[in-house]
Amino acid sequence: MSRNNESRLGAPPPADMPSILSNENFSNQNNVNGPDPTVDPLSFAVPTEMVELPSKGKFYPENHPLHNVEELEIRYMTAKDEDVLNSKSLLKKGIAIDRFLQGIIVDKKVKVDSLLIGDRNAIIVAARITGYGEEYSTRVTCPSCMTTNSHDFDLEEALEVQLGDDAEGMETQKTANGTFVITLPRTSVETEVRLMNGNDEKALLKMSESKKKHKLPDSVFTDQFKRFIVSVNGNTDKDLIYKFVDLMPALDARYLRKAYAQVIPNVSLKHSFTCEACDYDQIIDIPFTADFFWPGR
């Protein structure tokens with residue numbers, strides 16, 4: 001589904017882009033090496049890439065611009081985008097990443113808040129690679145001896161696309177509405193769940209901040225359950241769902257979290273890690289720290 005970028009004049013892409021990026025968008029109708037900046041420095045246009053969406057567009061409603069769309073076009077990061085990512089006012093409001101992502105998405109009908117979380121994550125990783133390359137240097141705390149190590153990760157090598165649809169060894173079933181029914185082991189209750197998007201993330205964050213402000217205990221897991229559970233044994237009454245969540249046995253809650261993580265289409269970043277202090281060796285999830293979009297800060 002990649003579209004040719006013949007109308008855009010750009011430099012060739014970095015070599016060996018990851019699988020979520022398509023390399024077909026760098027042809028130039030005038031000069032295979034791009035326009036000569038010594039002739040007209042403003043003739044350069046920012047190149048674009050196609051990002052493979054983990055959802056394949058299957059979980060968006062029919063009126064959504066990404067309904068059944070498998071790829072989304074983004075442009076490469078510019079100096080102006082760096083200004084957005086480093087804006088103190090935007091960072092303070094917690095909207096710098098959202099503002100940045102909205103700016104690099106070519107199709108302006110696509111709104112960041114409506115993106116499924118897995119698709120959003122895929123775009124974030126792709127944007128980071130196009131902006132700063134696949135090398136990601138950050139600090140990692142060893143889970144064995146708790147020593148902090150500096151470590152270099154290869155995002156291209158670590159990137160994996162999880163298509164979702166099925167949770168291996170777990171009682172799940174996809175519905176015609178794009179939701180999933182997960183049968184819990186302890187209570188045998190059938191919980192129907194939906195995929196969360198950017199609006200859900202913002203609502204959960206606002207709820208968490210409100211609880212902190214009023215010195216109330218945090219309830220991350222139950223808040224998430226109440227957000228994505230659509231029905232319980234076919235009953236869609238919100239009060240009943242909330243009561244069930246509060247009384248859900250811990251075994252069922254853990255099962256639900258694990259099954260949900262497997263059925264949602266997403267991307268994962270896993271890489272080998274060896275501790276310099278104790279030689280502990282394991283495949284770990286690459287941590288997203290401030291170094292991800294702010295290398296060298």
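Colleague: In which loop is Ser 188 found?

Modeller: This is a predicted model, in which local features need pLDDT of at least 70, side-chain atom pairs count only at pLDDT 80 or more, and totals for chains, interfaces and linings use all residues. Residues are numbered from 1 along each chain as its sequence is written, and side-chain values use heavy atoms, with hydrogens and water left out. Strands are DSSP runs of E with at least two residues, numbered from the N terminus. Ser 188 is found in the loop between β8 (180-183) and β9 (190-193).

Colleague: What is the phi of Ser 188?

Modeller: Ser 188 is a residue other than glycine, and its phi is positive. The value is near 60°.

Colleague: Is Lys 56 buried or exposed, or in between?

Modeller: Lys 56 lies in the loop between β2 (48-52) and β3 (71-75), and its phi is also a positive value, near 55°. Buried means under 20% relative accessible area and exposed over 50%, with partly exposed in between (1.4 Å probe, protein chains only). Because its relative accessible area is 22%, Lys 56 is partly exposed.

Colleague: Which residue is joined to Ser 150 by a polar contact of their side chains?

Modeller: Ser 150 is placed in strand β5 (residues 148-154). Its C-alpha atom is separated by 4.4 Å from that of a residue eleven places away along the chain. A polar contact is a pair of N or O atoms within 3.5 Å; within protein, one must be able to donate a hydrogen and the other to accept it, and residues adjacent in sequence count only if both atoms are side-chain atoms. At 2.9 Å, the partner of Ser 150 is Arg 139.

Methods. Helix = DSSP H or I, 4+ residues; strand = E, 2+ residues; numbered from the N terminus.
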